[in-house]
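These are my notebook entries on a single protein model. I record what I looked up, one topic at a time.

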Amino acid sequence: MTRRWWTGWGLAALCWAAPVRAQDAVVPTVLKISPNPVLTTATIEFELKSEICRDDHLPLVSLKIYNVLAQEVAAPALDKPPDLRLDQVRLECGSYKARWDGRMTDGRDARTGVYYVQLSVDGRRVTRKMIVKRRSESS
């Protein structure tokens, strides 16, 4: 029972966002994961609207993967430039692709289960669910 309670609070903390004024409601237009479910690697596509980059502003972007306990397990890397981890990086507006190799930060393969991909742009967040399925794990 306690574990479920913490899981619920962890997910609430992961998805919670402060109230946003209408003029501040600019968020990424796309956050797409393919394939989903993930067997080995995932491609994560996102777009930053041009409204975010007014007056030569470069938004601060993070892309993180969390487990169901709201613990950060990975930070995917952009396709170009290679190996640029999306953790508090300034990016120009436009479309991007990131890859996740299915490994957690400590190098182990992610286990079968539900994970959450969260894109943060200047503190505004968009979250999507992702399922990882490993063939070698018994059900």
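I began with C53, which counts as buried because its relative accessible area is 19% (buried is under 20%, exposed over 50%, partly exposed in between, with a 1.4 Å probe and protein chains only). The model is predicted: local features need pLDDT of at least 70 and side-chain atom pairs pLDDT 80 or more, while totals for chains, interfaces and linings use all residues. Residues are numbered from 1 along each chain as its sequence is written, and side-chain values use heavy atoms, without hydrogens and water.

**Disulfide.** I searched the whole structure and found 1 disulfide (a pair of cysteine sulfur atoms within 2.5 Å). C53 and C93 form it, with their sulfur atoms 2.0 Å apart. The pair joins distant parts of the chain, 40 residues apart: C53 is in the loop between β2 (42-48) and β3 (60-66), and C93 in the loop between β7 (89-90) and β8 (94-100). Strands are DSSP runs of E, at least two residues, numbered from the N terminus. I noted that C93 is partly exposed, at 24% relative accessible area.

**S120.** I located S120 in strand β9 (residues 113-121). S120 is buried, at 17% relative accessibility. Leaving aside neighbours within four places in sequence, I found S120 in contact (heavy atoms within 4.5 Å) with L60, V61, S62 and R125.

Key:
Helix = DSSP H or I, 4+ residues; strand = E, 2+ residues; numbered from the N terminus.
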